[in-house]
Amino acid sequence: MKKTVFFSALTLAGLAAGAATAGTLDDVKARGKLNCGVSTGVIGFAAPDANGVWQGFDVGVCRAVAAAVLGDQNAIEFVPTTGKTRFTALASGEIDMLARNTTWTYSRDVDLKFTFVGVNYYDGQGFLVPKSLGVSSATELDGATVCIQTGTTTELNLADYFRANNMSYEPVPIETNAEAQQQFLAGACDVFTTDASGLAATRSAFEKPGDYVLLPEIISKEPLGPLVRHGDDQWGDVVRWTLNALISAEELGVNSANIAELAAAAGNNPEINRMLGTEGNLGEMLGLDADWAVRAISVGGNYGELFEKNIGENTPVGLARGLNAQWTNGGLIYSPPFR
Amino acid sequence: MSDVSFVRTEMQPEKTPPASTVGIIGWAHHRLFSSYLNSAITVIALYLIFMLLKGLIPWIFSPTWSAASLGECREMIAAAGHEEGACWGVIRDRWIQIIFGFYPVEYYWRPIVTFLLLFVALAPVLFSEYTPPKLIWFTGIFPFLMPWLLWGGSIWTPLMIMAGFAICYFAFKAIDAAAGTIPALIGSVLALIVWWLFLASPVASAINNIIPIELGGVESRNFGGLMLSLTIGVVAIAISLPLGIVLALGRQSHLPIVRMMCVGFIEFIRGVPLITLLFVASTLLNIFLPPGTNFDIILRVIIMATLFSAAYMAEVIRGGLAALPKGQYEGADSLGLNYWQSQRLIIMPQALKISIPGIVSSFIGLFKDTTLVSIIGLLDPIGLSNAIRADTAWTGIVWELYGFIALLFWVFCFSMSRYSMYLERKLKTTN
């Protein structure tokens, strides 16, 4: 019987192929649900809570897009993807967008045919060492044993860095972050290296976080951001400008507390008025209604609020804004104007 | 003659055996301390077990059931004066999720009912002598009831799929009477295909508009945890056994095309790791199928797991067939039985009996292999353990989660293994 179902599914698939897909935006509206690819669990960025509700910084971007397009932050199918399945899931159309700590690189953008719509977190590879090692700089790590996740860009960055500084190291290959934590605490390696945000999150779960230090060197650029398929620029614009709306909102002082008031009537700041749809027709240009940005910002607040709630200094992850501060505060977070 | 006899006329009363050979002492003397070497091994083993338990028991009995985060656990352990201990708060917080995944809370009764009905459906097969014979009808209905309960939707869809079998039967009867067996066979199969592909779903939705009997739909994405493992495992087990029998018979067939197809299938599937097949299911099919196709991921995984298991099952059963003496086949032939009669009455009952241990270990292996789906992003218990660790409250927890999951799997695998031993004893015909 299963075989019959299989073949009938194939037949139906063949029929469906005839009706060529319209734009992703229309598909999402027709479906009434956004399929958003997230990770299977990265602390602070995406994880289901005890009630099965997805929470996190990347999840916040998904919810903002769903609210902007469909008017409901819960009209989302979260599709957990692993490092191995994420790109095929997006390329094959199983998901509409991917918000999964994915580094924007040349080959992913150009060769894999994706469009990175922006950066929601500037990360970089760092080193975590026990204080007892007595090391204060990564340049003193000659001959160290290093716990490193296999098959990732971090492995290549590490090799590059040690070669450039004419140092040697002994890799201890590991598969998952949990394994790395165990190995590092058990003393199987002197150094644990991965993205600095991951190191901070890992250290926060240690029994004695104070016994370990993050070295000051950041040896790679890891701009993480949401991405969509090549070739559907309208959908890419929707995701890009939803993210930009969250960023601009923080810059312009729009937050979840005052947005209802600001959106009620046009105020003194023309850019806020244009963004929130009280003036002009920006929403219409995007194929959405005038309130799209209001809904996106109302879900979890602006970029800064999402950051503070999920990964900021008052959370156990405890990341400082650093590079991810607004450009007005010396960071790299910068949105093109709403005009 | 005197009464003196030279042979004892009454039995000596039995003496109790020496204390060193009976009871606990005797057992210990025989089994544990029968020689210097064995005594030394016993002492060393006891010491190792003692050391293990000494570490493990205080760790297990740690007063952290009510903790809401790993930090709280550590405070509780410190307050209780222990050095270290398990943090069971994570199990209290997440055990429902580990069992049901993301299944909607208001529908939890459905997987529970399905699980209980599974045993009702299995009873006539597993314990045939204790159950009323009519119950086998329920076993026949269950494969249609189960998807309806788990995925929801209209009850008419499974009913219409069942109706396909009735249509197939009546088509066969009608054409058989009119045109003979071979056209009847072809005609009935055609009728079945046409019905399932084109008519079943419109008819089902038409009836549903008149008499709507529906359960709320649940999407496959919401399946997770142990429920997902059980769904994949049970369906794959149930389909792979008959499929495996067919493949094993096909491999021994005298018809060259049938034989080559079966050998090709078995050798191909056995030559490929399961994880490769799962990647094919999750990513490659996505690329081959046209964009926008929604071919259920769980169905894809079940198909792959079933095919994988069927290939192994075929080889296990072929082992059983090969172990039968040739005389059994010749005896069946000499009684004038045709191929299917001799398989059903003589060959299969014996071959399957010989293969029971192998079949059950294949089942157990398949059930445990379902955890591999975590690699393609399905949140089975292992996948969920990763997701739970990504919660800020529980980062850094490892052993408690794996221990709990291991316990869940152990319960099912151990029961299967015990049942197989019971079945072997029941079917034992030698003395």
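## A salt bridge between the chains

Let's start with a pair of side chains: Glu94(A) and Arg221(B) form a salt bridge, with 2.5 Å from N to O. Keep in mind that this is a predicted model. How many salt bridges does the rule find across the interface of chain A and chain B? The count there is two.

## What chain A brings to the meeting

Which elements of chain A give two or more residues to the side that touches chain B? They are α1 (2-18), β2 (47-48), β4 (76-81) and α7 (177-185). Helix α1(A) gives the largest share, with nine residues. Sort that side of chain A by class and you get 22 nonpolar, 13 polar and seven charged residues.

Now zoom out to the whole interface. Here 42 residues of chain A are in contact with 43 residues of chain B. Together the two chains bury about 3,600 Å², and 68% of that is on carbon and sulfur atoms.

## A salt bridge inside chain A

Over all chains, the salt bridge count comes to 15. One of them joins Asp96(A) and Arg31(A), at 2.9 Å from N to O. Asp96(A) sits in the loop between α4 (86-91) and β5 (97-98) of chain A, while Arg31(A) belongs to helix α2 (24-31) of chain A, so this pair ties together parts that are 65 residues apart in sequence.

## A nonpolar patch on chain B

Chain B has a nonpolar surface patch of about 770 Å². Its members are Leu46(B), Ile49(B), Leu52(B), Leu53(B), Leu56(B), Ile57(B), Ile60(B) and Phe61(B). Where is Leu46(B) found? Look for Leu46(B) in helix α2 of chain B, which covers residues 36-60.

Note on methods. Residues numbered from 1 in each chain as written. Chains lettered and ligands numbered in written order. Predicted model: local features only at pLDDT ≥ 70, side-chain atom pairs only at ≥ 80, totals over all residues. Heavy atoms only, no water. Contact = heavy atoms within 4.5 Å. Buried area = accessible area lost by both parts, 1.4 Å probe. Salt bridge = Lys/Arg side-chain N within 4 Å of Asp/Glu carboxyl O. Helix = DSSP H or I, 4+ residues; strand = E, 2+ residues; numbered from the N terminus. Nonpolar A, V, L, I, M, F, W, Y, C, P; charged D, E, K, R; others polar. Patch = residues over 30% accessible without salt bridge, like charges linked within 9 Å, V, L, I, M, F, W, Y side chains within 5 Å. Areas by Shrake-Rupley, 256 points an atom, 1.4 Å probe, with all protein chains shown as cover.
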